Amino acid sequence: KKAAVEMPAFPDGQSVPRGKETILVAEDEPIVRNVIAQTLRAQGYTVLEALNGDEAIRLLQGNVARKVDLLLTDMVMPEMGGLEVLKRFVLLGHPEMKVLVTSGYADASLMAAAPVPRPFAFLQKPFTSEHLAQKVRNVLDQPQIRIASRQESREPLTDRPDLKPSS
């Protein structure tokens, strides 16, 4: 099986985006999870690692949840995939956390139409460490989007008819 992340990827002398935020990485492939974690730690981020979606939810339910700035999750994992993690974390009340979904199996257009309760960024596998670092920084630097809680609204989060969840 080909690795989903290729290292090293930072050309000599190139400026690499850095940060101090906390990122929760949910990835079931140990090699991929380790490379992602190493890449992000090398860029100054604090990285929490979850072996699967269930473990990511447990981390989000614990005290650590208030400190997580970005959930970086694989789309396809055993037991609970990334989109289910995304749905559950919104229900847990973490609308401020940004989300980056990765996958080697589906493209962004398929996931854009998925019925999820909030917007998310997408990164297609395989990706380089450089591309990962740049995408993470871009997502973290995006303006905060206010997400209505489940008590406030059950309306779709988009005006585009082709992206609204089916009823």
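By salt bridge I mean a side-chain nitrogen of Lys or Arg within 4 Å of a carboxyl oxygen of Asp or Glu.

A word on the source: this is a predicted model, local features need pLDDT of at least 70, side-chain atom pairs count only at pLDDT 80 or more, and totals for chains, interfaces and linings use all residues. Residues are numbered from 1 along each chain as its sequence is written, and side-chain values use heavy atoms, with hydrogens and water left out.

Back to Arg 137, which also forms a salt bridge with Glu 21, again with 2.8 Å between the closest N and O atoms. Arg 137 is in helix H5 (residues 129-141) and Glu 21 is in the loop between strand S1 (5-6) and strand S2 (22-26), so this pair ties together parts 116 residues apart in sequence. Arg 137 has 11% relative accessibility and therefore counts as buried; the cut-offs, with a 1.4 Å probe and protein chains only, are under 20% relative accessible area for buried, over 50% for exposed, and partly exposed in between.

Next, Asp 74 and Lys 125 form a salt bridge at 3.3 Å, N to O. Asp 74 lies in strand S4 (residues 70-74) and Lys 125 in the loop between strand S6 (121-124) and strand S7 (127-128), 51 residues apart. Asp 74 is buried at 4% relative accessibility, and Lys 125 is buried at 10%.

Definitions and conventions: Helix = DSSP H or I, 4+ residues; strand = E, 2+ residues; numbered from the N terminus.
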